[in-house]
Amino acid sequence: VTIGGTIATVTGSGTAWTAVRTLTSDDTEGAVTLSIDYLDLAGNAGAQTTAATDGSVVTFDKTPPVITAVTAVSDNTYDSALSMVGDTVTVTMAASEITQAPAVTIGGTLATVTGSGTAWTAVRTLTSDDTEGAVTLSIDYLDLAGNAGAQATAATDGSVITFDKTPPVFTAVTVVSDNTYDPSLSMVGDTVTVTMAASEITQAP
């Protein structure tokens, strides 16, 4: 018996036989070929068998899958590259071939994954326990045969989500009037100016 063109190990007796062979990186991808040559006890040769009678075919795959596209986006109200507590980060992935569901972490915690075939999406809502800064990402995945693809740890389009859970603080506030005689007084027609400095960049207050 040959499996994939190489002699297999055969066990059994009488009318029941089993052949096994472990495939290697030297084998050719695609349908695994089969040949069975056999004689009866008198030496009569049976017709060579080259296929399973039940139509079963084993396909050999030694090529790891590749994540070809990864994007990350936040549902933050103001900026999709920023996130705060309660915002959801969505990672969208495309693979070079059909894969099993990938294991995806967002910010070091497993995300919820949906999808099928070559298209997958992972989502996770950030919490106060997450670490501020660039939200980390990891994608581990297998093809249907079990070949592992190289772990992906970044978006292919360069997108990065920054997590910020620290409220801003006004560190300095001054108020002054343009009153002719005293900047701490004002009358009708005077302009009062309030000047503010914040601990970080803010939207218009």
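Trainee: How many bridges pair strand β1 with β2, and in which sense?

Mentor: This is a predicted model, and in it β1, residues 2–3, pairs with β2 over two bridges in the antiparallel sense. Opposite I3 stands T6 of β2.

Trainee: Which strands make up the open sheet that holds β1, and in what order?

Mentor: The open sheet has three strands, in the order β2-β1-β6, and the pairing is antiparallel. Its edge strands are β2 (6–7) and β6 (34–35), each of which pairs on one side only.

Trainee: How many helices and strands does the protein chain have?

Mentor: There are 19 strands and zero helices in the protein chain. The chain is more spread out than a compact globule, because its radius of gyration is 33 Å, well over the 17 Å that the globule rule gives for 205 residues.

Trainee: What does the C-alpha trace span along its principal axes?

Mentor: The spans are about 125 × 25 × 25 Å. G12 and F170 are 158 residues apart in sequence, and their C-alpha atoms are 83 Å apart in space. G12 itself sits in strand β3, residues 9–13. With a relative accessible area of 47%, G12 is partly exposed.

Trainee: Where is E200, and which residues is it in contact with beyond its neighbours within four places in sequence?

Mentor: E200 lies in the segment after β19 (192–198). Leaving aside neighbours within four places in sequence, E200 is in contact with D164, T166, P167 and P168.

Trainee: How do I read the two faces of a strand?

Mentor: The general idea is that side chains in a regular strand alternate between the two faces of the sheet. Take β14, residues 119–125, as the case here. Its covered face has W120, A122 and R124. The uncovered face has A119, T121, V123 and T125.

Trainee: Which strands pair with β14, and over how many bridges?

Mentor: Strand β10, residues 88–95, pairs with β14 over seven bridges in the antiparallel sense. There, A94 has A119 of β14 as its bridge partner. Strand β13, residues 112–116, is joined to β14 by five bridges, and these two strands also run antiparallel. The bridge partner of T112 in β14 is V123.

Trainee: What do β13 and β14 form, and which residue in the turn has a positive phi?

Mentor: They form a hairpin with two residues between the strands. In the turn, G117 has a positive phi of about 65 degrees.

Trainee: What share of the residues in the protein chain is buried?

Mentor: Buried residues are 21% of the 205, where buried means under 20% relative accessible area. The protein chain exposes about 13,100 Å², and carbon and sulfur atoms supply 58% of that area.

Trainee: Among contacts between residues at least 6 apart in sequence, what percentage join residues at least 24 apart?

Mentor: In the protein chain, the share is 57%.

Trainee: How many positive and negative charges does the protein chain have, and how far apart are their mean positions?

Mentor: There are 4 positive and 22 negative charges, and their mean positions are 12 Å apart.

Terms used: Residues are numbered from 1 along each chain as its sequence is written. This is a predicted model: local features need pLDDT of at least 70, side-chain atom pairs count only at pLDDT 80 or more; totals for chains, interfaces and linings use all residues. Side-chain values use heavy atoms; hydrogens and water are left out. Buried means under 20% relative accessible area, exposed over 50%, partly exposed in between (1.4 Å probe, protein chains only). Two strands pair if DSSP finds at least two bridges between them. The radius of gyration is taken over C-alpha atoms; the globule rule is 2.2 Å times the number of residues to the power 0.38. Contact means heavy atoms within 4.5 Å. Accessible areas come from the Shrake-Rupley method with a 1.4 Å probe; for residues, only the protein chains shown count as cover. Lys and Arg count as positive and Asp and Glu as negative; His and the chain ends are not counted. The place of a charge is taken as NZ of Lys, CZ of Arg, CG of Asp or CD of Glu.
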